[in-house]
Amino acid sequence: NFTCNVFKTGLMNGDFDFSADTFYLALYTNAATLDANTTAYTATGEVVADGYTAGGQVLTVSTTPTVGPSGTVAYISFDNVTWNAALTVRGVLIYKAGDNGAVCVLDFGSDKTSNSTFTVQFPSATNTSAIIRIA
């Protein structure tokens, strides 16, 4: 799993706003080469299947940027995303609409296959487990 470098520098430049920007989650096969140096959404290696649209789905922010009870970790989370489709997926890319700026790459470690419904389930929105945390 990688927090993309363009996201790290983009935070400092004010390029990402989780209260105003639209974010997407795209699905990828094991043919994709996504890592910390991924700068933007790409169709290369993206899942192709009935029931899946290139570019993925819009993410809904479930927990706006919050500082946890320790006062040292800020975090954000999203609602789960579901496709009604038979899919084989190796990982995902979260990216921002508009400039397609990459936020993070999540590698599942192996192919995950569904015969009818595929859900990306995000961890609990806490300062110790949220999908995006900054300390």
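Let me start with Tyr75, whose bridge partner in strand E10 is Arg133, where strands are DSSP runs of E with at least two residues, helices are runs of H or I with at least four, and both are numbered from the N terminus. What you see is a predicted model, in which local features need pLDDT of at least 70, side-chain atom pairs count only at pLDDT 80 or more, and totals for chains, interfaces and linings use all residues. Residues are numbered from 1 along each chain as its sequence is written, and side-chain values use heavy atoms, with hydrogens and water left out.

Strand E5, residues 74-78, is joined to E10 by three bridges, and the two run antiparallel; strands count as paired if DSSP finds at least two bridges between them. Both belong to an open sheet of three strands in the order E4-E5-E10, with antiparallel pairing, and its edge strands, each pairing on one side only, are E4 (61-67) and E10 (132-134).

Stepping back to the whole protein chain, we find one helix and 10 strands, and from the N terminus on the elements run β-α-β-β-β-β-β-β-β-β-β. The radius of gyration, taken over C-alpha atoms, is 15 Å, close to the 14 Å that the globule rule gives for 135 residues, so the chain is as compact as a globular protein of that length; that rule is 2.2 Å times the number of residues to the power 0.38. Along its principal axes, the C-alpha trace spans about 45 × 25 × 25 Å.

Finally, of the 135 residues in the protein chain, 39% are buried, meaning under 20% relative accessible area with a 1.4 Å probe, protein chains only.

Note on methods. Buried means under 20% relative accessible area, exposed over 50%, partly exposed in between (1.4 Å probe, protein chains only).
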